[in-house]
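Take a look at the sequence and structure first, then work through the exercises.

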Amino acid sequence: MAQRTERADALRNREAVLAAADALFAASSSPQAVSMDEIAAAAGVGKGTLFRRFGDRAGLIGAVITSRLEPLRQAQAKALDAPGSAPRQQVLDLLDAALRFKIENRNLMSAAEDAGLSSPYRAEHYGWWHETLRMALDRVPGVRNTDFTAHALLAAVRADLVAHLIDDQKVTPEEIRSTLAAFVDNALGPDPTP
């Protein structure tokens with residue numbers, strides 16, 4: 001069955017809503033406080049358009065997260081396909097990219113949890129991170145059960161943990177990145193390459 005092409009005006013509305021929501025969430029210290037009415041007004045659409053297009057607040061937040069992740073996905077795909085890239089370094093780079101994304105978007109990720117996207121394992125973006133990391137782990141010598149290892153390593157960059165460390169414990173992003181790199185290095189075991 002052929003996929004239906006989106007009407008030009010519907011596509012413009014979708015892009016306007018995503019841009020407005022992204023800007024409002026980014027400008028707010030508490031994206032949970034940004035109302036659907038504010039987003040609709042900023043996008044120049046009716047509130048009904050938001051609900052028809054995204055279903056609910058959780059759907060809209062999920063779409064904003066997906067749009068923010070797309071450039072990162074493309075960059076990671078290129079990096080993983082680069083010739084001569086060491087598998088162990090790819091794992092470290094993937095997790096660092098995930099951590100940086102969570103640091104930069106921790107308020108949005110918290111809003112996602114508050115909006116009903118509480119299980120990261122059901123989120124489409126989690127599936128992508130897990131599969132990409134699992135494939136990189138498949139190429140690291142000595143790693144057993146790459147599926148579980150990918151889940152365990154991704155747990156170290158959960159948005160709620162990142163927010164807790166930065167906002168509550170006042171750990172700097174640089175400290176978290178450095179500690180994560182050491183943790184991953186330990187989890188992967190000794191590097192067999194000289």
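The model is predicted, so local features need pLDDT of at least 70, side-chain atom pairs count only at pLDDT 80 or more, and totals for chains, interfaces and linings use all residues. Residues are numbered from 1 along each chain as its sequence is written, and side-chain values use heavy atoms, with hydrogens and water left out.

**Exercise 1.** Find out which parts the pair Asp 185 and Arg 88 ties together.

Step 1: A salt bridge is a side-chain nitrogen of Lys or Arg within 4 Å of a carboxyl oxygen of Asp or Glu. The side chains of Asp 185 and Arg 88 form one, at 2.9 Å from N to O.
Step 2: Asp 185 belongs to helix α10 (residues 173-188) and Arg 88 to helix α5 (residues 87-104), so the bridge ties together parts that are 97 residues apart in sequence. Helices here are DSSP runs (H or I, at least four residues), numbered from the N terminus.

**Exercise 2.** Decide whether Asp 185 and Arg 88 are buried, partly exposed or exposed.

Step 1: Recall the cut-offs: buried is under 20% relative accessible area, exposed over 50%, partly exposed in between (1.4 Å probe, protein chains only).
Step 2: Asp 185, at 38%, is partly exposed, while Arg 88, at 11%, is buried.

**Exercise 3.** Work out how Glu 131 and Arg 134 are placed in helix α7.

Step 1: Their side chains meet in a salt bridge of 2.5 Å, N to O.
Step 2: Glu 131 and Arg 134 are three residues apart in helix α7 (residues 124-138), so about one helical turn separates them.

Key. Helix = DSSP H or I, 4+ residues; strand = E, 2+ residues; numbered from the N terminus.
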